[in-house]
Number of protein chains: 2
Amino acid sequence: MAGEPSGGDLSRLRQLNSLAVIKALQGGTSLTLTEVAKHTGLSRASTEDVVRELLQKGWLTEAEPTAGGVGRPARRYRFRAEAGRVLGVDIGGHNVRAVVADLDGAVQNTARVPVTPEMGRAERLEAVDRAVTECLETAGLTGGDVWASGVGTTGLVDGVGRVVLSEALPEWTGVDLAAHVRRLAPAPVLVENDSRLAALAECWRGVARYAKDMVFLLAGLRTGAGLVIDGKLHKGFANASGEIGALPVLGWIRAQEHLSGASGEAGDVFAAARAGDRAAAAAVRRYVRDLALGTSALVLALDPQMVVVGGGFSRSADVLIDPLRRELDRWCIRTPEVRMSALGEEGVVLGAVRLALDDVEDRVLDGRTPLLSQP
Amino acid sequence: MAGEPSGGDLSRLRQLNSLAVIKALQGGTSLTLTEVAKHTGLSRASTEDVVRELLQKGWLTEAEPTAGGVGRPARRYRFRAEAGRVLGVDIGGHNVRAVVADLDGAVQNTARVPVTPEMGRAERLEAVDRAVTECLETAGLTGGDVWASGVGTTGLVDGVGRVVLSEALPEWTGVDLAAHVRRLAPAPVLVENDSRLAALAECWRGVARYAKDMVFLLAGLRTGAGLVIDGKLHKGFANASGEIGALPVLGWIRAQEHLSGASGEAGDVFAAARAGDRAAAAAVRRYVRDLALGTSALVLALDPQMVVVGGGFSRSADVLIDPLRRELDRWCIRTPEVRMSALGEEGVVLGAVRLALDDVEDRVLDGRTPLLSQP
């Protein structure tokens with residue numbers, strides 16, 4: 001086939017090549033030009049061009065030469081993860097978490113401010129301010145050092161960072177989280193539903209790293225779902241996907257009630273079930289039965305590679321996971337692999353970090369590369 | 001950003017450019033080089049190269065010059081849709097349909113052989129042979145003229161064209177449809193679930209042409225679903241997506257029973273409901289209530305842009321569509337647009353044609369372009 005690529009095609013290719021080189025060098029590895037070329041599949045000449053430009057722009061720097069070997073060692077390059085910072089925030093019913101990470105996603109500092117499910121909007125936003133300020137200050141940073149912020153919240157979120165519907169938190173519907181967080185750090189703010197961010201985190205650093213299609217269950221005082229389809233978070237036409245819990249016959253509305261009945265707090269019920277208490281074990285069975293109904297609907301609809309259970313209850317994996325698998329076997333044509341999240345309650349805030357990093361990487365692709373100071 | 005594209009990148013770009021030119025010229029339009037360049041966004045030089053090569057390979061030909069205008073008219077080119085043929089087959093409970101189409105997907109000839117839901121495997125396959133043979137013969141073709149075949153069937157299909165599970169048709173589990181149809185036409189055979197093919201047809205030629213995310217309902221003597229996510233048929237990890245009907249609480253297992261009770265055949269019930277029969281109207285309401293439960297689960301999970309109702313019952317749109325919308329409003333956070341299929345019972349076989357055309361186009365992209373005779 002013939003046909004020279006157009007100018008637009010070439011510029012897009014160059015951006016993709018730049019991103020490929022950055023990806024090859026992320027995660028703290030340092031590589032020689034030869035190694036970069038091998039990792040990216042680019043020609044030696046292309047690799048040299050791309051690396052030269054990324055050095056000039058401050059994305060890469062020369063790494064310390066490794067010891068040993070004969071003669072002068074080849075120059076090595078590394079990604080300047082320290083060149084920028086992103087902020088992740090998780091606004092939950094019981095805690096507000098803030099995290100600062102470098103451009104590799106390595107967490108630099110964290111802060112947590114306890115809240116209650118009953119708190120009103122102003123109090124909860126004030127907790128957000130405290131968590132973010134404390135997190136930045138302890139790290140010796142100001143809001144101006146942040147390149148992008150990711151924010152996770154319960155409820156439905158619109159495309160510009162407002163909560164359009166929250167049934168779990170009082171006075172939360174209508175809050176403009178993007179605008180609020182931008183006051184603290186003026187960089188772009190991305191806001192997303194918490195279950196989805198936890199799903200994102202599982203695909204990035206959790207048990208779903210190799211899954212293309214995945215159903216994530218946020219199992220805790222609320223039940224939510226995040227869907228990853230073909231390697232991407234599935235949001236839906238109006239950003240309202242994963243809301244299967246709204247259908248009463250699928251059991252998620254009543255699921256948690258089984259745990260808050262006789263034996264006090266949910267954690268207590270799991271502990272009592274573990275210790276052999278029969279009433280507690282029966283309550284857990286009823287909870288799992290309802291959790292599995294909605295999950296089966298998602299599994300039958302999508303046939304995912306994996307179901308990952310996260311959220312607060314994932315600490316009680318030992319009493320949850322086998323019964324859940326058995327219930328899924330009852331309803332599903334093919335029960336996928338069921339895994340407990342290893343990220344637990346950190347999942348949402350890590351997903352918020354990933355969301356912010358995606359935004360930074362999009363800017364590399366767009367050519368809207370942030371201007372870096374020289375190392 | 002810098003970096004020259006590698007050889008592999010360029011060859012991929014050339015294939016994409018070739019496909020872009022073919023797509024611009026499909027559908028019976030003829031264009032000048034200038035117009036092709038404008039449609040594809042390629043440079044004039046690239047366009048000339050690509051068109052020259054596609055002429056040599058027999059994909060394009062020079063079109064008749066259009067009359068009028070001053071001076072010698074610019075040369076026009078068109079896609080040689082007649083250069084090849086694809087076969088589409090729909091194997092249903094009541095009919096086997098076969099269709100021959102050109103490379104634009106224009107149907108050249110059709111054949112239909114009635115079958116019954118009770119027929120065994122041998123008899124049904126024999127009906128497939130008759131439908132395909134009749135369709136090809138009446139069009140003056142042989143199996144060797146077929147470039148690719150698409151086949152639709154009820155049940156779960158594996159990646160190599162075998163039915164791995166069919167509950168609707170007797171002796172159908174385990175049948176190797178790809179091997180069977182290859183005996184009739186030796187080109188590649190793609191086999192897919194019928195609901196999914198009908199979904200594909202809606203996105204191609206039906207009411208979902210502009211929808212990226214769509215839930216298709218096959219509403220008829222069975223209820224099935226096909227999902228289109230981000231413009232692509234969603235198949236699932238083990239090709240088992242869309243099987244929400246297996247979950248009893250979602251109502252699809254019992255849905256049709258409401259229609260086959262008091263008033264005879266389903267079509268009669270819809271007619272009676274239309275004529276004001278109260279028992280029939282109540283039966284239709286119960287059917288719609290169950291249809292809507294499973295549909296709401298899909299809508300809440302995926303938040304699609306559109307729900308399209310096809311299959312045999314789509315002829316009774318007038319008594320189905322408004323009640324379905326009202327039921328969806330009861331359960332869904334956002335009720336998507338609900339549309340009746342305009343393709344009706346032809347949807348599956350048209351989707352089979354599209355599946356075959358996709359395979360032919362993949363071969364253009366791969367560089368495995370079929371060798372064409374000169375026009």
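Where in chain B is B:Asp303 found? B:Asp303 sits in the loop between helix H9 (278-302) and strand E14 (306-310) of chain B. This is a predicted model.

**Domains of chain A**
- Chain A is split into domain 1 (9-82), domain 2 (84-197 + 347-366) and domain 3 (207-342).
- Domain 2 of chain A is assigned in two segments, 84-197 and 347-366.
- Between the C-alpha centres of domain 1 and domain 3 of chain A, the distance is 43 Å.

**An annotated span in chain A**
- An unreviewed UniProt entry lists residues 18-61 of chain A as "domain: HTH iclR-type".
- In the model, residues 18-61 of chain A are 68% helix and 11% strand.
- The end C-alpha atoms of that span are 14 Å apart.

**Cysteines**
- The whole structure was searched, and 0 disulfides turned up over all chains.
- A:Cys203 is in no disulfide. Its nearest cysteine sulfur belongs to A:Cys332, 19 Å away.
- A:Cys203 is partly exposed, at 21% relative accessibility.
- A disulfide needs the sulfur atoms within 2.5 Å.
- B:Cys332 is buried, with a relative accessible area of 10%.

**A nonpolar surface patch**
- A:Val164, A:Leu165 and B:Ile333 make up a nonpolar patch on the surface. Residues from chain A and chain B both contribute.
- Together the three residues have about 210 Å² of accessible area.
- A:Val164 belongs to strand E9 (residues 163-165) of chain A.
- A:Val164 is partly exposed, with 43% relative accessibility.

**Positive phi values**
- Most residues other than glycine have a negative phi. Two residues here have a positive one.
- A:Asn239 has a phi near 65°, a positive value in a non-glycine residue.
- A:Asn239 lies in the loop between strand E13 (232-233) and helix H7 (252-255) of chain A.
- Is A:Asn239 buried or exposed? A:Asn239 is buried, at 12% relative accessible area.
- B:Asp303 has a phi near 50°, again positive in a residue other than glycine.
- B:Asp303 is buried, with a relative accessible area of 2%. Its loop runs between helix H9 and strand E14 of chain B.

How values were computed:
Residues are numbered from 1 along each chain as its sequence is written. Chains are lettered from A and ligands numbered from 1 in the order in which they are written. This is a predicted model: local features need pLDDT of at least 70, side-chain atom pairs count only at pLDDT 80 or more; totals for chains, interfaces and linings use all residues. Side-chain values use heavy atoms; hydrogens and water are left out. Domain bounds come from an automatic or database domain assignment. Buried means under 20% relative accessible area, exposed over 50%, partly exposed in between (1.4 Å probe, protein chains only). Patches are made of residues with over 30% relative accessible area and no salt bridge: like charges are joined within 9 Å, nonpolar side chains (Val, Leu, Ile, Met, Phe, Trp, Tyr) within 5 Å. Accessible areas come from the Shrake-Rupley method with a 1.4 Å probe; for residues, only the protein chains shown count as cover. A salt bridge is a side-chain nitrogen of Lys or Arg within 4 Å of a carboxyl oxygen of Asp or Glu. Helices (H or I, at least four residues) and strands (E, at least two) are DSSP runs, numbered from the N terminus. UniProt positions are given in the numbering used here, feature names are shortened, and annotations may be inferred rather than shown by experiment.
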